[in-house]
Amino acid sequence: MTTKDIYLAGGCFWGAQHYFKQIEGVVSTEVGFANGHTENPTYKEVYTDETGYAETVHVRYAPDVVSLDFLLRMFFKAIDPTSLNKQGHDEGTRYRTGIYYTDDTDLPVINSVYDEEQQHHDKPLMVERQPLERFYTAEQYHQDYLEKNPDGYCHLPLELFEFARQASHKKH
């Protein structure tokens, strides 16, 4: 099976990971830290907002099952794209939103979905669009956090997870 990768920062990575895992065609997810300026950051270091990293989900997907276009549309449904360094009650540069790519051929799709999303907002989008410079996997206890801790904190509404389960790229 052919897979592709996209790295999506959507606020607290616990909820974002759980959300993307529900989508048909997503093969694996992993939470970590993207595009900061230190080596091997820990969660505690990233939490200080002094490392430059964003909490990010590495999404590996099967492009013959789900398109990048669809994944990005789902991403925008799970964030407030006009909010700078804040999602829900979470504030700080580590909670900024971003789309980080490893394949330059993905950029036209990213820009197309981004521009279309911008048309739905009066304020400019605050979602970064950048090549992935570096990504470090977060500590094991953060991986699949909401599966291990079903009552754990999440800024995303539960209905959104159900929406992601029901959503199918075939319907769009």
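## Helix α1

In helix α1, the buried residues are F13, W14, G15, A16, Q17, H18, Y19 and F20; buried denotes a relative accessible area under 20%, exposed over 50%, and partly exposed in between, with a 1.4 Å probe and protein chains only. The helix spans residues 13-21 and is mostly covered, with 8 of its 9 residues buried. Helices (H or I, at least four residues) and strands (E, at least two) are DSSP runs numbered from the N terminus.

The model is predicted: local features need pLDDT of at least 70, side-chain atom pairs count only at pLDDT 80 or more, and totals for chains, interfaces and linings use all residues. Residues are numbered from 1 along each chain as its sequence is written, and side-chain values use heavy atoms, with hydrogens and water left out.

A cavity is a set of points, on a 1 Å grid over the protein atoms alone, where a 1.4 Å probe fits but cannot get out; lining residues have an atom within 4 Å of a point. Grid points are joined across faces, edges and corners, and a volume is the space filled by probe spheres set on the points.

The largest cavity holds about 40 Å³ of space. Its lining consists of G10, A16, Y19, F20, F75, A78, I79 and L156. Helix α1 supplies the largest share of this lining, 3 residues. By class, the lining residues divide into 7 nonpolar, 1 polar and no charged; Ala, Val, Leu, Ile, Met, Phe, Trp, Tyr, Cys and Pro count as nonpolar, Asp, Glu, Lys and Arg as charged, and the others, Gly among them, as polar.

## The mixed sheet

An open sheet of 6 strands has the order β7-β6-β1-β3-β2-β8, with mixed pairing. Its edge strands, β7 (128-131) and β8 (135-137), each pair on one side only. On average, neighbouring strands of this sheet are turned by 35 degrees against each other, direction ignored. Axes are lines fitted to C-alpha atoms, and angles run from 0 to 180 degrees between N-to-C directions. Two strands pair if DSSP finds at least two bridges between them.

Strand β6 (residues 97-101) runs parallel to β7, to which 4 bridges join it. Y100 stands opposite Q130 in β7, and the β7 bridge partner of Y101 is P131. Strand β1 (residues 4-10) is joined to β6 by 5 bridges and runs antiparallel to it; here I6 stands opposite Y101. In a regular strand the side chains alternate between the two faces of the sheet. Both faces of β6 are covered, with T97, I99 and Y101 buried on one side and G98 and Y100 buried on the other.

## Cysteines

The whole structure contains 0 disulfides, a disulfide being a pair of cysteine sulfur atoms within 2.5 Å. C12 is in no disulfide, and the nearest cysteine sulfur, that of C154, is 6.6 Å away. This separation is too far for a bond. C12 is buried, with a relative accessible area of 5%.

## Positive phi angles

Most residues other than glycine have a negative phi. N35, not a glycine, has a positive phi of about 55 degrees. N35 lies in the loop between β2 (26-34) and α2 (43-47) and is buried, at 9% relative accessible area.

D49, also not a glycine, has a positive phi of about 65 degrees. The position of D49 is in the loop between α2 and β3 (54-61), and its relative accessibility of 27% makes D49 partly exposed.

Notes. On a 1 Å grid over the protein atoms alone, a cavity is a set of points where a 1.4 Å probe fits but cannot get out, and a pocket is an open set with protein on both sides within 12 Å along at least five of seven lines; lining residues have an atom within 4 Å of a point.
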